[in-house]
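Welcome! Take a moment to look over the sequence and the model, and then let us walk through them together.

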Amino acid sequence: MAKSGKPHHIQYEAEAACTNLLILLKILLDYGRLLIRRSYRQLNWQVQTVGNITHFHFAFMPIVAFFSDTSWGGVDLRTSIMPRVVTRNHKVILIAGGAGFVGSNLCRRLIDEGHEIICVDNFQTGNRCNIAPFLQHRHFRLIQHDICDPLDISGPVDEIYNMACAASPDRYQEGPVHTCKTCFLGALNLLELARRKKARILQSSTSEVYGDPEISLQDESYRGCVNTCGPRACYDEGKRVAETLFWEYGAHNGVETRIARIFNTYGPNMDPADGRVVSNFIVQALKGEDLTVYGTACKPALSAT
Ligand SMILES: NC(=O)c1ccc[n+]([C@@H]2O[C@H](COP(=O)([O-])OP(=O)(O)OC[C@H]3O[C@@H](n4cnc5c(N)ncnc54)[C@H](O)[C@@H]3O)[C@@H](O)[C@H]2O)c1
């Protein structure tokens with residue numbers, strides 16, 4: 001008999017069982033730790049935290065959840081606390097102004113390429129019809145939001161395209177101060193988001209940064225003939241300061257930035273009432289009307305947006 005009063009063989013069996021259990025527990029802990037370390041390195045994680053659950057829990061939650069098929073305090077451990085491992089071979093791309101003309105075409109292109117789209121738009125000039133084909137798509141999310149206000153996005157964002165700004169002079173001149181804010185604060189808010197998410201970001205700029213140019217065609221070395229005042233300045237100068245913000249964030253804040261100076265563009269999803277020359281020609285031609293040519297029609301147009 002052992003000191004505990006139990007027969008020796010029962011004590012040995014109990015000790016052996018305890019040892020086996022400890023070894024099993026150690027293996028599971030090591031495996032769990034290994035799994036988590038490897039997952040952090042190799043996979044993209046989406047972690048849903050509940051209440052004040054902290055990082056520490058991740059070390060043992062896989063094991064708890066492994067044994068548990070029940071809930072804990074009304075919370076399903078596996079769906080709510082457990083890190084959700086998402087392996088993805090596509091990018092998560094935020095398109096501000098995604099319901100507009102250029103933005104919606106970009107949404108289509110990137111969805112077709114298999115990427116996940118977060119469309120952010122305040123519908124100032126955007127049209128829900130432009131994005132209607134994607135609304136039910138599992139890779140498309142619409143957030144109605146004005147980029148003049150800061151925005152936070154849950155989960156990863158790999159790339160950001162800033163297409164948000166009315167491009168039609170008639171529309172951006174309706175609210176010139178809002179146009180200035182969209183160009184400056186909107187760009188700033190998106191750059192901050194890009195910095196936080198470590199996302200690459202593109203600014204849709206314009207040939208209007210050259211102002212009323214004295215040369216044609218303009219290349220990037222041309223500094224422009226610009227005007228801080230006047231009806232178009234809210235757009236032109238807004239786009240110029242947005243370019244400066246992008247340049248600064250790229251040079252000093254570690255954000256990977258791109259700037260695309262778009263010249264007059266037209267195509268599907270454009271507002272027929274946009275008011276610019278090419279769309280006016282097309283609409284008038286479709287209606288069988290005379291084409292309106294402004295001015296004396298003698299001087300070639302240098303830039304049109
Ligand atoms: N279309 C062109 O010819 C042209 C030329 C040069 C530059 N661009 C630039 O390309 C971008 C897209 O132009 P577009 O022709 O598609 O214009 P658009 O007016 O069709 O689209 C702009 C989109 O941005 C949204 N938007 C505007 N302000 C916003 C804000 N504060 N917050 C959130 N959403 C906002 C609008 O609702 C709309 O959906 C613009 O930045 C424009 O300056 C366009």
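## The protein as a whole

Of the 305 residues in the protein, 27% are buried. Keep in mind as you look around that this is a predicted model. Its secondary structure comes to 9 helices and 10 strands. Take the contacts between residues at least 6 apart in sequence: 68% of them join residues at least 24 apart.

## The nonpolar core

Which residues have the most contacts inside the largest nonpolar core? They are Ile95, Ala96, Ile160 and Leu190, in a core of 42 residues. Several elements supply at least two core residues each: the strands β5 (92-96), β6 (116-121), β8 (159-162) and β9 (200-206), together with the helices α4 (101-112), α7 (176-197) and α8 (233-252). Helix α7 gives the largest share, with 6 residues. As a general background, nonpolar side chains in soluble globular proteins tend to be buried together.

Beyond its neighbours within four places in sequence, leucine 190 is in contact with Ala96, Ile147, Ile160, Asn162 and Ile201. Two of these partners, Ala96 and Ile160, are also on the list of core residues with the most contacts.

## Strands side by side

β5 and β8 run parallel and are joined by 4 bridges, and here isoleucine 95 stands opposite tyrosine 161 in β8. β8 in turn runs parallel to β9, again with 4 bridges between them. In this pairing, asparagine 162 faces its opposite residue, glutamine 203 in β9.

β9 also has a partner in strand β10 (residues 257-262), and these two pair in the parallel sense over 6 bridges. Serine 204 stands opposite alanine 260 in β10. Is β9 mostly covered or uncovered? It is mostly covered, with 6 of its 7 residues buried. Together with α8 and β10, β9 makes a right-handed β-α-β unit.

## Around the ligand

How many residues surround the ligand? There are 29, and the closest are Gly97, Gly100, Val102, Thr125 and Gly126. The elements that give two or more residues to this shell are α4, α7 and β9. α4 provides the largest share, 3 residues.

Sorted by class, the shell has 13 nonpolar, 14 polar and 2 charged residues.

## A closer look at threonine 179

Threonine 179 is found in helix α7.

What does threonine 179 touch, not counting residues up to four places away in sequence? Its contacts are Cys165, Ala166, Tyr172, Cys234, Tyr235 and Gly238. For alanine 166, the separation can be given in two ways: this residue and threonine 179 are 13 residues apart along the chain, and their C-alpha atoms are separated by 7.7 Å.

Technical notes
Residues are numbered from 1 along each chain as its sequence is written. This is a predicted model: local features need pLDDT of at least 70, side-chain atom pairs count only at pLDDT 80 or more; totals for chains, interfaces and linings use all residues. A nonpolar core is a set of buried Ala, Val, Leu, Ile, Met, Phe, Trp, Tyr and Cys residues joined through C-beta atoms within 7 Å. A residue is buried if 20 or more other C-beta atoms lie within 10 Å of its own, exposed if 12 or fewer, and partly exposed in between; C-beta atoms are placed from the backbone. Two residues are in contact if their C-beta atoms, placed from the backbone, lie within 7 Å. Two strands pair if DSSP finds at least two bridges between them. A crossover is right-handed if, with the strands pointing away from the viewer, the path from the first strand over the helix to the second runs clockwise. A residue is near a molecule or strand if its C-beta atom, placed from the backbone, lies within 6 Å of it. Ala, Val, Leu, Ile, Met, Phe, Trp, Tyr, Cys and Pro count as nonpolar, Asp, Glu, Lys and Arg as charged, and the others, Gly among them, as polar.
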